[in-house]
Structure formats: C-alpha cells, structure tokens
Amino acid sequence: MGGYQKKYLPIFFCVAVALGIFIGSQLNYSSNPTNILGGNAKKEKLNRLIDYIDYEYVDPINTDSIVEVTVNGILENLDPHSVYIPPSELQEVSESMKGDFVGIGISFYNFRDTIAVIQAIPGGPSEKAGIRGGDRIVAADNQSLTGAVVRDDTITNQLKGQINTKVALKVKRPGVEGLLDFKVTRAVVPLKSVDASYMATDTLGYIKINRFAESTPQEFEKALVTLKRKGATQLILDLRGNPGGYISAAEQIADQFLKEDKLILFTKNKTGKIENAYATDEGAFEDGMVYVLINENSASASEIVAGAIQDNDRGVIVGRRSFGKGLVQREMQLGDGSAVRLTIARYYTPTGRSIQRPYDSGNKAYYEDYLSRYKNGEMQSADSITVADSLRYVTPGGKVVYGGGGIIPDVFIPKDTNYEKEAITYALRSGFMSRFIFEIIEQRRPYYNSLSFEEFSKTVSISDKTITDFVNYMSKRSLKIRVRDYKDDLKRYLKAVMAQQLFGNTVFEKLINEEDPAIIKIKELSRE
C-alpha cells in the first residue's frame, strides 16, 4: 500500500464505519430502528463527521465522492454480489430490469457524426411512423443531432421523454432527395428479454431468454403458446450467457414446466427463516420434454430454473457448468437517486443444494474462477469438474447432483477454445461484427431494404472478399483474426448479423444455431 493510502486510511475507515450504520438505517429491516442503530447518536456522528470534512478539512474535498468510495468499500467486503448503483446508472439499470422505457423505439449507431438507424424496434413508435433502417436522424424538435460535438446523452435526452409527447424529426433517407419530416409519439418501448423463438424441428421448439426481467414471464408465455400451436411437444430453453435477474421471474418460468405443488426453490435468511416457492396448476408445458441449455455465464435466476428442472427430474440440462450464484439481492433506495443491491438470503434448489461458489478468498479470486476453468480442462471435459462428496444430493428419480459451485449439466458440451473460434465469437458478441455489417449494408441500403427474408436467404451470400475485408477491419482495431479453419463459421455469423439488422433477432439466432454442437446434440436426443 502506498504512502498516500496509508495516510488517509484512518479517515476512510471512520467514514466506512459510520456509513455502515447509515446504510442500516435505510434498509427497513425492523419496525424498531433503535435496535439496529443503537440510537440516533450514531447517525448524528456520521453527520458531524461529514460536516467536519466539508467545512474544516485543510483541502477542498468532494464529500459525495468519499461517500461513494466508502459505500463501495463496505459492499465489496460483504460478498461479490452486493453492489452500489450510483444515480447516473440507476435509471438505465431499472429500465433494463423493468423491461421497457419511454422513447421513440430505435436502435442506432453514431455513424460519421450522424444518428444512423440500425433498426426501428418492431411495434414501436418509430416503426409505426415509417422510420426504417439506414435513416439518418439529423434533428429533433429543431435541435441539430449531427456533428462530433453531439454527445450520446444529448441524443438520448432529445429522443426519450414523457409518454404520449411528440417529437418532430428531420430524417435523411439514402436515395431520397431532401429531408423527410416525421412526428413520432413517444410511447412505452419494450426491452425484449426473449431474444428468439422458433421451431428447430417439426416437434422441437426453441426459446432464448437473455435476462429475467419483469416482462419475461409474459414474453415467454406468448412465445410458448405460439410454438405449441405450431406443433411443439418438446422445448429447448436456451439460458446460455443469461446473468439472471428477478427471482420472481425465474419462479414463474419454472412454474410453466412443473406440476402443482412441486418445489421450485427455497430461501433462507440470516435468522434462519425459510420461504418455499411451489409450482401452481397453471403451467403451460408440464408434460413435454424440456432441454435447458446453460454455460459458464448462466447465473442466478438462470440457475434457479435449471436447478428446479434438474432436481425435479423434469428435463435434461445440456451444456457446461453454470456460474454458481446462490445469493438473493434486494434493491434498496438510498434517498439521493442511488441504490444498493444487498444480499438478504441464500437460495437452495429443491434437493437442498446451495450452488453458490465460495467467495472467502475475495472478489478478485471469485471472478477469476472463470480462468481456472480453462486451465484445469473443465471447458473441454466433464471429468475435470471438481465436486465434493459432502455436497452430494439425490433427486427423487435417483439422479446424483452436487452443490457448492453451479449446476453441472446432465449432458456435457465442450467449449471450442481454439484461438480462431474464440476471436470470431468475440467479434460477434462484442459488436465489432455488427458495425462492420452495418457499413456493408449502407453501401446498397435501398437494395437490402427491399428484400424479403426468403429473398435474402436465397440470394445473399458472404464472399471471400468480404471475409478478407472483415479481417482487415478487425486488424485496424487491434484484433487479429485467422480464419483458416473457421471460414464457414465466419460466413454464417456475418450473414446472421446482416439478417439481424434487416429482420430481427429470431432469424439471427436461427442462423447462428444451425451448426451449434449443443443444438445438434439436443436434436439427436429429441429423436431417441
């Protein structure tokens, strides 16, 4: 620790102790706050300390920053998942978890100092008004939105607003002379948590959930009903890369597959109080086979669903060992536009498993466990997964399962860790590929916008020259990509991204999944 840190550690420690008391006063754990705080004198102590620093300290100090640093320090010493959300981030976080926001409903790039629409969100205000991919929004309510000086928050403030208010847009459309005028009525725009749903075979449906938001159960049920009408008697539930979300949403999803009174999970708090969550009689898919796809980035609510399916012998878990988060957080407002998400309980799967990974070695070691899975060979072989006999459990059907570190799949799918494949996957998921494809589409925007999906599928192909151009594009951004053994994969990914920008997420996932080893394996299992 450096000299500066040593010098100021006592001040920060005192503030940390005082703030720990302050936070306790905000959490409403008891109807008798004196029992928690030990009296109001401790709150006054915090106020005095902040005032002394504010008015008497020798140098100017931003006490707000001290408070934020200290809050983060306190939470980091609790567990890896208790976090502070500053005011500047709370609205965006809340919108993501709520599942909607009020705005005009577009996805866009700031492209060559202009707002370039990638896609108008289906069913949203902009699509209804006639805005489409490739349009440039140059002004909103006569305020210019072009030029390098226009900040992203300025753009957001101009396009978002109160529900049912109107915004006048001036739009430049490729191939059309002059500017087009649109009046768009701001409305609630959904942030979809169900990325895709389609029929993988004549009887096997597929649904991918990217997070568990308030709107997820409704989105999922709508997709499920549609697939059942199309003949789905079996279902793939893809939770790969899903970091979790609301526990109530996970319970409702699991309820769709479990018969009445089956245990979904139970939680236990610091006092030992146990709360059980049971399935109802309202499940829409209680009999058909379920295949749940998970990987090392499936966490929290994803693991609740996978654990409920596995422990009730309800389906087959396919993929790789999940993240291992068995803690429950509650969001609590701090009164200044910020909030904390504080761990209030642990959850357990129906057999009694806690799948929470140990975190007593600190947050850094906790999150670096991902790298250790590469080193010990777990990504390539199920035999490399370490389990503890003391955490051995047995399901009602006789299946042996383990706690202490995520959900171990019933059917293991190794990860392709070849550098070429990893680099291509990174380019796909990081957005670089999407930006490259956007520029390709822009060169012939009127043509691409005129295609139906059937015409696109038959006539559009990715050439070797496009592959070379993409490799050069990535090289300029300091990412070297070799495609000697994965050229076909890269062509499929590029075409899938193009389809996504033109036709939406479902066709993207469908094209990406065509050669996916996990999907191929599930199709084999579904025919047995």
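My entries on one helix pair and some rings follow.

I'm working on a predicted model, where local features need pLDDT of at least 70, side-chain atom pairs count only at pLDDT 80 or more, and totals for chains, interfaces and linings use all residues. Numbering starts from 1 along each chain as its sequence is written, and side-chain values use heavy atoms, with hydrogens and water left out.

Entry: helix pair. I looked up H17 (residues 464–475) and H18 (residues 487–503), which pack at about 90 degrees with axes 11 Å apart. That makes H17 roughly perpendicular to H18 (65 to 115 degrees counts as such). For contact (heavy atoms within 4.5 Å), I find Asp464, Ile467 and Phe470 of H17 meeting Lys487, Leu490, Lys491 and Leu494 of H18. By class I get 4 nonpolar, no polar and 3 charged residues there.

Entry: rings. I get 19 aromatic pairs in the structure (ring centres within 6.5 Å). I picked Phe266 and Tyr348: their centres are 5.0 Å apart and their planes at 10 degrees, so I log the pair as stacked (planes under 30 degrees apart). Phe266 sits in strand E13 and Tyr348 in strand E18, so the pair ties together parts 82 residues apart in sequence. Phe266 is buried at 15% relative accessibility (the cut-off is under 20%, with a 1.4 Å probe and protein chains only). Tyr348 is buried too, with a relative accessible area of 15%. I also noted one aromatic cluster formed by Phe323, Tyr359, Tyr366 and Tyr367.

Key
Axes fitted to C-alpha atoms, helices over the stretch in contact; angles between N-to-C directions. Helix = DSSP H or I, 4+ residues; strand = E, 2+ residues; numbered from the N terminus. Parallel < 35°, antiparallel > 145°, perpendicular 65-115°, else oblique. Nonpolar A, V, L, I, M, F, W, Y, C, P; charged D, E, K, R; others polar. Phe/Tyr/Trp six-rings, centres within 6.5 Å; stacked < 30°, edge-to-face > 60°. Buried < 20%, exposed > 50% of the residue type's maximum accessible area, 1.4 Å probe, protein only.
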